[in-house]
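Work through the exercises below with the structure open. Each task is followed by a solution in steps.

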Amino acid sequence: MKKNNVTLDDKIKDLEKQVAWFESDDFTVEEAVERYKSAKSLSLSIAEDIEELKNVITVIKKED
Amino acid sequence: MDLDQRQLPSFSVTQFIAVTNQMLDMAYPAVVVEGEVDSFKVNQGKYVFFNLKDRESSVGCFMMLYQMRTPLQDGMKVVVKARPKLTKWGKFSLTIDSVRPVGEGSLRKSFELLKAKLDKEGLFSPERKRLLPGSINRVGLIASTESAGYADFVTIAGQRWGGIEFEVYHVQVQGESSPEKIIKAIEYFNTREDLVDCLVLIRGGGSLDDLASFNDEMVVRAIAASRVPTVVGVGHETDTTLSDMVADVRAATPSNAAEIITPDKVDVRRYVDGLVQGVPRRIQSVLDAKVLSVGGLVERLDRSVDLRIENYKDSVDSSTKLLESYNPARVLERGYSIIRGSSSKVGAVVELETSKAIIKAEVKSYEEK
């Protein structure tokens, strides 16, 4: 699960970076459409991951 | 020696005291006595003496200062777990194993005394508070798995987020042995090589007596000493225990503790969607700017072309005027005439053209200037 959460964090950071490109000086209209499609696809993937993740609860010790 | 003396047990003083203590140990290896503290004092910074009394009687008590998990004062009602003993000086006393205040008044008093003591040491100072990690993936949870507070915590955490590993250390959260178990759990999470990201201590609501474990001095110190950042959520919103106060983050309730350590997936989804939704607006804004820019360039081009045409027209006009000024007809209009034929021979007939007529004339004389 830590791996899943790390992957999710990485995906969100990646999406932020992709969206930041649209505000940067590197923005070109020619590349914009493809990059938008890529960002949109990533956001959908993140949404899927969020719904699929479940917490894992383990009782490791019992002191009664 | 008479018959009665022969039947009675006979001891030296030391033997008598030893036998009496043996009998006490057999009959009452441990007792629980409730009473009011009186004549409390601490000798040499480590020996605690007080009397435990009720309306009619009083018994001396002794304990070591380090065993005193909660401050005591004259007038406080307490319950002691103790061993009755006769000292070698013949004094009967209770050797205390544990003592705790009872009753709302005594519990409140004890709480205030300990709070003042720990506050003076700086344990509640805001400077000591650590921030929780930005991303929490592994949590050490200390709670009673049989409690409603635990169930609420797990439910809320599950609703808000997934992918977190909760390692649960089940303990009793009230009762005499509860503080030791809580301390053991804190030490367990603090002595592992792979530390969790944060430690959460929770317990549902209850009376001041029910929450006493979380006002225990050693529990509070264990939380303060934790290497792992701590979140404590004990009782209801209005309850504040010393464990709450010393934690890095205080949660109002176990449910609130779950809210503190987990992001809300609804908020995260909204944030992610918001990131992407802004992009088409940005593209449109850039395109609009480019259209405006092109429009501006076309306008400049138009103006430039117009200007050039104007300049060319002016130039052509000037040339036309100049050319017109060289027109022979204009010269004739100024009174000049054109002579055709050999005008240097006397008697020759020449043709004169003026602006209005053509005249034939004979040359009468000719002189060079």
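**Exercise 1.** Is A:Phe22 buried or exposed?

Solution. The model is a predicted one. The relative accessibility of A:Phe22 is 1%. Buried means under 20%, so A:Phe22 counts as buried.

**Exercise 2.** Classify the ring pair formed by A:Trp21 and A:Phe27.

Solution. The ring centres of A:Trp21 and A:Phe27 are 5.3 Å apart, and rings pair if their centres lie within 6.5 Å. The angle between the planes is 45 degrees. Planes under 30 degrees apart count as stacked and planes over 60 as edge-to-face, so this pair is tilted.

**Exercise 3.** How many aromatic pairs are there over all chains, and of what kind is the pair A:Trp21 and A:Phe22?

Solution. The count over all chains is 11 aromatic pairs. For A:Trp21 and A:Phe22, the centres lie 5.0 Å apart and the planes stand at 85 degrees, so the pair is edge-to-face. A:Trp21, A:Phe22 and A:Phe27 form one aromatic cluster.

**Exercise 4.** Decide whether A:Trp21 and A:Phe27 are buried or exposed.

Solution. A:Trp21 has a relative accessibility of 9%, and A:Phe27 has a relative accessible area of 11%. The limit for buried is under 20%, so A:Trp21 is buried and A:Phe27 is buried.

**Exercise 5.** Which arginine lies over the face of A:Phe27?

Solution. B:Arg282 lies over that face, at 5.3 Å from the ring centre of A:Phe27. In chain B, B:Arg108 lies over the face of B:Phe111, at 5.6 Å from the ring centre.

Note on methods: Residues numbered from 1 in each chain as written. Chains lettered and ligands numbered in written order. Predicted model: local features only at pLDDT ≥ 70, side-chain atom pairs only at ≥ 80, totals over all residues. Heavy atoms only, no water. Phe/Tyr/Trp six-rings, centres within 6.5 Å; stacked < 30°, edge-to-face > 60°. Buried < 20%, exposed > 50% of the residue type's maximum accessible area, 1.4 Å probe, protein only. Lys NZ or Arg CZ within 6 Å of the ring centre and 35° of its normal.
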